[in-house]
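Hi,

Here is the structure I promised to send over. Have a look at it first, and then read on for what turned up.

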Amino acid sequence: MNNKRDINLLFATRIIRLFCYGFLSVVLALYLAETGLTEKQIGLLFTLTLAGDAGISLWLTTSADRLGRRKTLLIGALLMVGAGLVFVVTNNIILLMAAAIIGVISPSGNEIGPFLSVEQAGLTQLISNEKRTKIFAWYNMVGSFATATGALTGGWLAQILQSSGWTQLESYRLVLMGYGLGGLILFILFLSLSLNVEVDTVHQADSPRKILGLHRSRAVVFKLSALFALDAFAGGLIVQSMIAYWFHVKFGVDSGVLGSIFFGANVLAGISALLAVPLAERIGLINTMVFTHIPSNILLMLVPLMPTLPLAIGLLLLRFSISQMDVPTRQSYTMAVVAPDERSAASGVTAIARSVGASLSPMLTGLLFSIPALFNAPLYLAGGLKIIYDLLLFREFRAIKPPEEN
C-alpha cells in the first residue's frame, strides 16, 4: 500500500516540477532581455545555470543513496525556491549568475537538478523489471503534459497581464514568482515520502568500494555518460527558451502563441514517450532509442528551411511527436544495467554528463543568434550532432541487453 502511495507522490512531484519548468521557460529569455541583458549574456547565463546544476547535482545524486533519497530531494526543492527568489528580486548579472550556478532553475523546460535521478532510483525500488519501462513512460508522459500546460499557462498569463496594463517586465516577474512557489510545494510533498524509496542499507553496507557512488557498473555508466553528454550538448543548442526566442525573432511570435506552440509540442512529446512502450517490447530498448531519434532530428534540421510560420510550427510539432520515444527507454535501460545500490548514482552520473554537455551549448547559441547569417545554425548543428550520437549508441550498446530482454 505504501509503495502505491509513494509512486503517486513521485508522479505528483514530477507533474508540479515540470509544470513550473514549462511555466518559466517560455518567458525566461524574454524576461532577461527585458531587464537589459544582451543575447550573449543570456546565453552565458543559461550556460552557467546548466553548469552549476551539473556540479550541485553530481554531489547530491552520487551521495543520495548514502545521505538518503528523501533528504536529497528536499535540498533540491530548497535550491529551486532560492533560485526563483533571486531571479525575481534582482537584474544584477553577477547575482543572477551566482543564483544560476548554485540554485535550480530550468531554461529549457526540461528536468534540471537532482530530482529526476533520485526519483527514478526510488521508482525502480518500488516496481518490478517488467513494469519499469511502462512506469517510466507514464512518468515521462505526465511530465511532458505538465510542461506543456505550464508553457501554455506562463505564455498566456504574461500576455493577458500585458493586455491589462502590466509592463512586460512585471508580467514576466509574476511568472518567476510562481516558479518559486512551486519549489515550496515540492518541499512539502517530499516530506511525505516513506522509507520505501530508500536503498536497502544491508546490501549497501556489503558493497565494494565506490567511485562517484558506482562499483561494478562503472565502465558501462561512464560510456553511456559520454554518449549522453554528446546528445545533451546538441540539445542544449535548442533549449525551449532559445527556440521560443528563435520563433519570436524570425516570425514575430508573441508570448501567448509561443505558449500554445510549446503546449502542443510537449503534449505530443508526452504521447510519444508512452508509445515507446509497445515498440520497446517488440524491438528492444536500444533499437527504440535509435530508430525513433534519427528521424526526429532530420525533421529538426528542416524547420529553419520552412518559409512560413505554419510550416515551421508543423514540422516542429511533427518532430516532437517522435522525439521523446528515446527518453523512457534510455532511463529504463540505465536503471536495468546497474546494481540496486548504484541506481541513484548511475542516474545521477549520466544526468550530470547530460547537464555538462548541455551547459556548454547555450552560450554558443547566443553567439550564433547574435550573427544574422548564422541565426539558423543552432538547429542544423543540433540535429546533425544528435544523429552522430544515435549511430555511436547503436554501435556500442546493441549487444548489451536489459534483464527483461534476455
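Ile188 sits in helix 7, which runs over residues 168-190. Please keep in mind that this is a predicted model. Ile188 also belongs to a nonpolar patch on the surface, together with Leu181, Leu184 and Ile185. The accessible area of these four side chains' residues comes to about 360 Å² together. As background, residues three or four places apart in an α-helix point the same way, because there are 3.6 residues a turn.

Helix 15 is worth a look too. It covers residues 343-369, which makes 27 residues. From its first C-alpha to its last it reaches 39 Å, close to the 39 Å expected at 1.5 Å a residue. Of its 27 residues, 21 are buried, so helix 15 is largely enclosed by the rest of the structure.

Now for the protein as a whole. You will find 16 helices and zero strands in it. The C-alpha trace spans about 60 × 40 × 35 Å along its principal axes. If we take the contacts with a separation of 6 or more, 85% of them join residues 24 or more positions apart.

Best wishes

Notes:
Residues are numbered from 1 along each chain as its sequence is written. This is a predicted model: local features need pLDDT of at least 70, side-chain atom pairs count only at pLDDT 80 or more; totals for chains, interfaces and linings use all residues. Side-chain values use heavy atoms; hydrogens and water are left out. Helices (H or I, at least four residues) and strands (E, at least two) are DSSP runs, numbered from the N terminus. The expected span of a helix is 1.5 Å times one less than its number of residues. Buried means under 20% relative accessible area, exposed over 50%, partly exposed in between (1.4 Å probe, protein chains only). Patches are made of residues with over 30% relative accessible area and no salt bridge: like charges are joined within 9 Å, nonpolar side chains (Val, Leu, Ile, Met, Phe, Trp, Tyr) within 5 Å. Accessible areas come from the Shrake-Rupley method with a 1.4 Å probe; for residues, only the protein chains shown count as cover. Contact means heavy atoms within 4.5 Å.
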